[in-house]
Amino acid sequence: MEIKKGIPVSPGYAIGEAFVLDSEEFRIPQRFIREDEVEGELARFQRSVQEASEEVQDLAAQSSEALGPQVSEIFKVHRGLLADPVVLAEVTRRIRVNRFTAEYATTRAFRKYVKAFRGIRDEYFADRATDIRDIEKRLLRKLLGARREELSSLTRKVIIAARDLTPSQAAALDREKVMGFVTDAGGPTSHTAIVAKAMEIPAVVGLETITADLAGGDTVIVDGNRGLVIVGPDPQTLVDYQRRADRFRTYERRLAAELRDLPAETLDGHSIKVMANIDLPEEVGAALARGAEGVGLFRTEFLYERNGQVPTEEEHYRAYRAAVEAMGGFPLTVRTLDLGGDKVLPVGAVAHEPNPFLGCRSIRFCFLRPDIFKAQLRAILRASAHGRVRVMFPMIANVEELRKARSTLEDCMEELRGEGVPFDRDMEVGMMVEVPSAALCADLMARECDFLSIGTNDLVQYTLAVDRVNERVASLYQPASPALIRLMRDVVHAGARNGCRVSMCGEMCGDATYAPLLLGMGLRELSITPTAILEVKRVIRTLTLRESVAVARRSMAFATARQTDEYLRERVRALAPSGRE
Ligand code: PEP
Ligand code: MG
């Protein structure tokens, strides 16, 4: 049994069989062969070794001419490994004795060496581990040919292990078949993590080497509450986790039954508006079922992810109209396209920018492509004739950008008026505060829009210079750092002084630990992933505003995020102990 620690991004427990997707996205199922198939399978393996070896020889020759002897040397090492009698015997034994298929025997044997080499903390062995992975892949390509198994054609329930999942892969996961997922890469607020939470799939990311540590068919436990992945659990651990999973499910059901229809109100009678973040129009139902009083963030990138191309105005319109009509009179805040960063690559944008999070992302891309931007704005306006729609601009960094976005919106209004198309002329217009320059000038922004929504996912990354999707700096990604707390407090005050509503829609407000701090800071509107709504509501209902103000004041006095986190965790545990553990 091995226990790996990663970053918990979606709560819950999953126990099941691993399905390992390597970076080339094929997986090797655990399959057995009959005795009379052994010779055929051995021959298949030998053929793949022969072909791979010829391929590597060609590569060595080509690279020696084109790239010099050093690169060519790498392929010579690969060739040596392909002829290594110990490695070959290991695979042969697994085919003959264990009756594994050639591909499964290959992957098991090679992974064993990769793991052993990675375990020796030495650069030379780390490089050899990479070489072995390379050869494994080459052999698997030969063995599998066109028979690669796809994520989209899962036939049984599994736990996915991947280097990373693209947001569209994560969104396309079959909820019925995928019990959990674990990845090498990713940070706490990567888009993939957000999608996992929305789909209620327990997930742990940032495990660094999980795809190398696991082989398809291994039994795994995903502990999405603590960020643990247990490989090959012993019988006692399995029983223990089955109990935990049962307790968790019972707790969640009870929470839903008790809290769904109760208001998010503090003990001293202050109402907090709890809204939902959604990524797909179909999530409106789940949000309202948990008592959301509207949608505070409707991400619209799904329109790109679904079709892989620029959506038409009609496609935008149909999606927004469907969503607002399902809202039952509650407001729907549609955020304009936020492409780039860790989300889908904008069609027609500069591909492979050196720093995608600092490049033509989001509103900058929309300004580069007014045709795409206007199609979306026209659709949002048209949908506003069918319910309470608000529009929100992402990544605004200065007042000029806010004005430019508003003026494009006005152009669209003018056009629709001319065409006699109905829309809400008083539609509220707001922006996300997720770039430090916007937070520092929140007063200037507040004077020119109806609402501000603090997007902590990006505000943390840009303020602390910590990539939100890089697992290697995940420990530096600290929403409770003094810098962030001060910035957020100033934004809330700037909004209040200028008559502009301020809400928060980053993942920070979906973590119930921060509820007293945020309320005490003056926030009265939170927009949260639907699955986190009830837990946050539960904590709000145990607080008084007076006490929250005191907690916020105390939090602001700490010099480090760690002290603040510890203090808040302890306060919330004392006030409202959770049954999630
Ligand atoms: C944010 O940055 O806090 C946010 C809510 O937007 P996204 O996670 O989509 O970047
Ligand atoms: Mg953002």
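Is Asp458 buried or exposed, and what is its relative accessible area? Asp458 is buried, with a relative accessible area of 2%, where buried means under 20% relative accessible area, exposed over 50% and partly exposed in between, with a 1.4 Å probe and protein chains only.

1. Basis of the model. This is a predicted model, in which local features need pLDDT of at least 70 and side-chain atom pairs count only at pLDDT 80 or more, while totals for chains, interfaces and linings use all residues. Residues are numbered from 1 along each chain as its sequence is written, chains are lettered from A and ligands numbered from 1 in the order in which they are written, and side-chain values use heavy atoms, with hydrogens and water left out.

2. The shell around ligand 1. The ligand is surrounded by 16 residues, of which Arg299, Glu434, Gly455, Asn457 and Arg468 are the closest; a residue is near a molecule if one of its heavy atoms lies within 4 Å of it.

3. Taken alone, ligand 1 exposes 290 Å², and the protein buries 100% of that, the areas coming from the Shrake-Rupley method with a 1.4 Å probe. A polar contact is a pair of N or O atoms within 3.5 Å; within protein, one must be able to donate a hydrogen and the other to accept it, and residues adjacent in sequence count only if both atoms are side-chain atoms.

4. The magnesium ion. Ligand 2, the magnesium ion, has Glu434 (OE) and Asp458 (OD) as its protein donors, at 2.0 to 2.1 Å. Glu434 sits in the loop between strand E13 (428–433) and helix H16 (436–440), and Asp458 in helix H18, so the pair ties together parts that are 24 residues apart in sequence. Glu434 is likewise buried, at a relative accessible area of 2%. Donors are N, O and S atoms within 2.8 Å of the metal (3.2 Å for Na, K and Ca), and because water is not among the atoms, sites may look incomplete.

5. Asn277. This residue belongs to strand E9, residues 273–278, and is buried at 3% relative accessibility. Its side chain reaches the backbone oxygen of Cys505 at 2.9 Å. Leaving aside residues up to four places away in sequence, Asn277 touches several others, including Arg299, Cys505, Glu507 and Thr529, contact meaning heavy atoms within 4.5 Å.

6. Positive phi values. Glu208, which is not a glycine, has a positive phi of about 65°; it lies in the loop between strand E6 (203–205) and helix H8 (210–213) and is partly exposed at 46% relative accessibility. Ser362, also a residue other than glycine, has a positive phi near 60°; it lies in the loop between strand E11 (332–335) and helix H13 (363–368) and is buried at 0% relative accessibility.

Terms used
Helices (H or I, at least four residues) and strands (E, at least two) are DSSP runs, numbered from the N terminus.
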